[in-house]
Amino acid sequence: MMENRIKGIYEALYEGVKNKQYFAQRYNVTTKTIENTVAKTEGDVIYDRKLGGYRFAFLLPKYIPHDLLVELLQNSIGNETAKHDFLTLSRLLKEREGVHLPMIPTSLVSSLTRKLIMLEVAIRSNCVIKVNYVGNEKPMEEKYIRPHRINTSENSYYLYGSYDARNKKNIGEYRSFAVNSMHDIAPVEWVKGESFFMEGTGNAYGVITKERFVMLKLTGNSANYFKRERQFSKEQFDFIAEETDGTVLMKMYYNNLQEVIKLVQQWMPHMIVDESAPERTEVYAAIKANFDKLVGSGALCDPPSSP
């Protein structure tokens with residue numbers, strides 16, 4: 001019973017700060033029993049008087065329940081069919097409360113997963129963090145961030161966050177940070193009365209909304225791929241219609257036009273921007289500029305003549 005309560009406390013705190021009454025009502029015990037249970041976590045869980053509830057003492061707790069680790073990693077799966085099976089595993093783990101599954105020591109997971117756990121704890125407990133960040137061809141910088149959401153793009157993880165007031169510039173600005181470029185993640189302040197977490201899905205450019213979109217036409221290989229690999233189940237794409245010749249009309253939501261340019265360029269000539277889309281000219285101009293740079297760089301050369 002004690003082990004189940006400890007696991008339940010960990011599960012709840014991965015969702016955010018919880019007070020004594022929450023746990024007492026959940027397990028139908030006294031708050032004193034909850035205090036005794038928390039004592040068994042050996043300092044991993046503490047009572048924060050400022051927040052009026054329990055939280056993890058550190059951004060990286062000593063343990064994480066199996067199902068929460070599965071949920072944390074599921075978005076790195078690019079194949080939608082495999083991702084569906086992964087979600088099924090997560091659901092089954094949650095439903096089997098009668099089966100004792102020991103929690104996973106976080107010391108055994110990869111450094112990337114440890115970062116993801118720390119960031120998720122910071123998001124859910126409204127904790128401002130300090131990180132050393134290495135940008136593209138830039139020196140390491142110290143940044144203070146209010147974390148809002150972990151996004152994935154092409155099997156890479158990104159933190160969508162905003163600059164805290166402790167920064168010297170860009171205060172309040174939202175942006176994405178590559179998790180692999182973040183080092184020495186440390187807590188700065190747990191904030192009461194705010195919710196850092198942002199709903200929705202996202203990618204390397206931020207949280208995807210339904211405000212900006214472009215209409216695309218898919219033919220041949222691109223149409224077959226998007227249907228076969230269940231790409232239309234992703235939040236970023238909406239299936240609109242399929243014509244008699246197999247051409248698929250799709251709506252793509254985006255934050256930055258570079259997302260559209262990259263996708264069309266990847267699939268050309270089997271993906272085109274619809275004639276009615278205002279983005280058409282800019283997208284095609286960018287693709288042509290990329291091609292001209294490729295040709296000008298000498299990367300495309302005539303094959304050597306036969307001897």
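Colleague: How many helices and how many strands does the protein chain have?

Modeller: In this predicted model, the protein chain has nine helices and 15 strands, and its C-alpha trace spans about 80 × 50 × 50 Å along the principal axes.

Colleague: Why are α8 and α9 called oblique to each other?

Modeller: Helix α8 (residues 257-267) and helix α9 (residues 280-296) pack at an angle of about 60°, their axes being 10 Å apart. Angles under 35 degrees count as roughly parallel and those from 65 to 115 as roughly perpendicular, and α8 and α9 are therefore oblique. The crossing in which α8 passes α9 is right-handed.

Colleague: Which residues of α8 and α9 meet, and what classes do they belong to?

Modeller: From α8 come Leu-257, Val-260, Ile-261, Val-264 and Gln-265, which meet Glu-282, Val-283, Tyr-284, Ala-286, Ile-287 and Asn-290 of α9. Divided by class, the residues of this contact are eight nonpolar, two polar and one charged.

Colleague: What makes α1 and α2 oblique as well?

Modeller: Helix α1 (residues 2-13) packs against helix α2 (residues 20-27) at an angle of about 135°, with 11 Å between their axes. Roughly perpendicular ends at 115 degrees and roughly antiparallel needs over 145, and α1 and α2 are therefore oblique to each other. Here too the crossing, that of α1 past α2, is right-handed.

Colleague: Where do α1 and α2 touch, and how many charged residues take part?

Modeller: In α1 the residues are Asn-4, Arg-5, Gly-8, Ile-9, Glu-11, Ala-12 and Leu-13, and they meet Tyr-22, Phe-23, Arg-26 and Tyr-27 in α2. Three charged residues take part in the contact of α1 with α2, alongside six nonpolar and two polar ones.

Colleague: How do you know that the span of helix α6 agrees with its 14 residues?

Modeller: At 1.5 Å a residue, helix α6 (residues 111-124) should span 20 Å, and because its end C-alpha atoms are 20 Å apart, the two values agree.

Colleague: Why is α6 described as mostly covered?

Modeller: A residue is buried when its relative accessible area is under 20%, and 10 of the 14 residues of α6 are buried. Among them are Leu-116, Ile-117, Met-118 and Leu-119, and also Lys-115 and Glu-120. Just after α6, Asn-126 takes a positive phi of about 55°.

Colleague: What share of the whole protein chain is buried, and what share of its contacts joins residues 24 or more positions apart?

Modeller: Of the 307 residues in the protein chain, 42% are buried. Among contacts with a separation of 6 or more, 61% are accounted for by residues 24 or more positions apart.

Notes
Residues are numbered from 1 along each chain as its sequence is written. This is a predicted model: local features need pLDDT of at least 70, side-chain atom pairs count only at pLDDT 80 or more; totals for chains, interfaces and linings use all residues. Side-chain values use heavy atoms; hydrogens and water are left out. Axes are lines fitted to C-alpha atoms, for helices over the stretch in contact, and angles run from 0 to 180 degrees between N-to-C directions. Helices (H or I, at least four residues) and strands (E, at least two) are DSSP runs, numbered from the N terminus. A crossing is left-handed if the near helix is turned anticlockwise from the far one by less than a right angle, and right-handed if clockwise. Contact means heavy atoms within 4.5 Å. Ala, Val, Leu, Ile, Met, Phe, Trp, Tyr, Cys and Pro count as nonpolar, Asp, Glu, Lys and Arg as charged, and the others, Gly among them, as polar. The expected span of a helix is 1.5 Å times one less than its number of residues. Buried means under 20% relative accessible area, exposed over 50%, partly exposed in between (1.4 Å probe, protein chains only).
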